Structures are given as structure tokens and as C-alpha cells.
Amino acid sequence: MSGFVLFVLEQAIAGYGLLVVALGAAGLIDQALLRDLGLIAAGLVAISLVPISTDISTEHMFVMGSAMVLAVGIPYSVSRFVFKDHAVRFPVLTGHRWTRTEKWYLVAVVIMGYALLPGYMVNTAVYRNWPAVSDPEGIFRLFLGTNVLGIWDELFFICTIFILLRRHLPVAQASVLQAVLFTSFLWELGFHAWAPAFIFPFALVQAIIFTRTKSLSYIVSVHLLFDFVLFLVLLHAHNRDWFDIFIY
């Protein structure tokens, strides 16, 4: 609820108040729960203290990027070096070989992005929440921003929030809670209109996939493929003669 209030309703006092209530309740229930929710709260506070937008200016990218680093870095560092339970991990070289189904799912993600994103971004005019770029530097900044944000989403919402919640809750419940935070954050970023209808299921599926594969590399690959389609759609929406391959 605090994430919804902070990122969707943009009510800082109420959002932080809910965080305090949540931590107080956790302290009455279990000290381990309090520690893990405290790590999640630290990450939420870090990212909520800066403007969340698609501004790709150097200043904003530095400010928001710094907050993103803190949001992931604080829970990771405290978990590993203070609590010494190393609950927050980022499994990249897992030795897990992607199955045929997993490989085909990567193809399916591109197809789903092609089917969903053009109609959503253009017909709702949500693409205007992203800067119009046509010069090489602007295109590079947009590409960098979408990719870095996609990677961070998985580091924070899956490898940090979902994993910490999973220590105390069943997979289904932990998945739903992180998906609420995931969707709320992207709403503030600019994914308005009916975006929650596909972002929420996407976040749920990412948590389930990570539970099965335990591979950050795989879920990041899924996310970046989807975001690559988003990147092309944004360029097309602002420059209609570019990448004129979409149906909407």
C-alpha cells in the first residue's frame, strides 16, 4: 500500500506513514520479518526521494540513477555485511542451461511486445510521456535509459523485494505484492492509461520464472527484449516514418 500511495497517488506523507505502520506491525509479529521489510522500505524510500520520470537529461539521469543504485545497494549491503545472511543475491552465472521452452518464450515476448505496445503507446498518446528524439545522442540516451531501467526493475523488484518477501510468504502472495510495487513504480514513470493490465501480469510472470530458473540473466533477457520493442515503438511514435512496421 505504501508503494501505491507513494508512486501512484504521489502522497509522500501518507506513503511514509504507511511504511512506519508496516514496520511497526512487522516488529510485533517477527524480528526477521521486520529486518527484511526494513530493507524493502529502505529501497522504496531511496527511490521515492527523487523525481521519477523519463527525462533523459544528464542531470536527471544522474540523480535518478544514483537513487536506483542506493535502492538496490542498501538492501544488498546490509543483508550481506550487517545481517550476514546474504538474502539479496543477483544470480547471473548459474550454470543453468536455458531449455527449449525458455528459448521459445524469448521469441514469444517479442511477439507480445509487437502486438501490445504500438496500440497502447500510440492510441492512448502515452508515448508523449517520453521525450521526442531524432538525433544520435538523444536516441542513444533513450536506448540507454530504457535498458538500464529494465535491468534495475529486475534487480530491485525481483531479486530484492520478491526474494525478501519470499522468505516469509508463499510464492503467490510474494509475487502479487512485488507486482503491485512494480506496477505502481512504472505508473509514476509514465505507463498510464491501461498499462497496469499488462504490466501487472508481466511482473507476476517474471517472479514465477525467477522462482523456477533462479536466473537473473534469463529474466533480464526477457525484460530487455520487451523493452527493445518499446524503444522502437517510441522512436516510431515520435517519428512516424521511422520503423513503420507496427499495426495500431
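A: Let us begin with Q206, which counts as buried because its relative accessibility is 0% (buried means under 20% relative accessible area, exposed over 50% and partly exposed in between, with a 1.4 Å probe and protein chains only). Before going further, please keep in mind that this is a predicted model, in which local features need pLDDT of at least 70 and side-chain atom pairs count only at pLDDT 80 or more, while totals for chains, interfaces and linings use all residues. Residues are numbered from 1 along each chain as its sequence is written, and side-chain values use heavy atoms, with hydrogens and water left out.

Q: OK, and where is Q206 found? What does Q206 touch?

A: Q206 belongs to helix α8, where helices are DSSP runs of H or I with at least four residues, strands are runs of E with at least two, and both are numbered from the N terminus. Leaving out residues up to four places away in sequence, Q206 touches E154, I158, I219, V222 and H223, a contact being heavy atoms within 4.5 Å.

Q: Which residues touch the most other members in the largest nonpolar core?

A: That core has 73 residues, and those touching the most other members are I47, M121, W152, F156, F157, F185 and F191; such a core is a set of buried Ala, Val, Leu, Ile, Met, Phe, Trp, Tyr and Cys residues joined through side-chain atoms within 4.5 Å. Two or more residues each come from α1 (2-7), α3 (31-48), α4 (58-82), α5 (100-123), α6 (136-166), α7, α8 (196-213) and α9 (216-238).

Q: Which element gives the most to this core?

A: The answer is α9, which supplies 14 residues.

Q: What is F191 in contact with?

A: Setting aside neighbours within four places in sequence, F191 is in contact with Y120, V126, W130, L186, P196, I199 and L230.

Q: Those names include several rings. How many aromatic pairs are there in the whole structure?

A: A search of the whole structure finds 19 aromatic pairs, counted when ring centres of Phe, Tyr and Trp (its six-membered ring) lie within 6.5 Å; planes under 30 degrees apart are called stacked, over 60 edge-to-face and the rest tilted. One of them is the edge-to-face pair of F143 and F231, at 5.2 Å centre to centre and with 70 degrees between the planes. Since F143 lies in helix α6 and F231 in helix α9, this pair ties together parts that are 88 residues apart in sequence.

Q: Changing topic to charges: how many salt bridges does the structure hold?

A: There are four, a salt bridge being a side-chain nitrogen of Lys or Arg within 4 Å of a carboxyl oxygen of Asp or Glu. In the one between D36 and R167, the closest N and O atoms are 2.8 Å apart, and it links D36 in helix α3 to R167 in the loop between α6 and α7, 131 residues away. R167 also forms a salt bridge with D85, where the closest N and O atoms are 3.0 Å apart.

Q: How exposed are D36, R167 and D85?

A: D36 is buried, with a relative accessible area of 1%, while R167 is partly exposed at 40% and D85 is partly exposed at 24%.

Q: What about R141 and E137?

A: R141 and E137 form a salt bridge with the closest N and O atoms 3.1 Å apart, and because they are four residues apart in helix α6, about one helical turn separates them. R141 is buried, with a relative accessible area of 19%, but E137 is partly exposed at 49%. Elsewhere, salt bridges that share partners join R35, D36, D85 and R167 into one network.

Q: Last one: what is the phi of E10, and where is E10 found?

A: E10 has a positive phi of about 55 degrees, although it is not a glycine, and it is found in the loop between α1 and α2 (12-29). With a relative accessible area of 52%, E10 is exposed.
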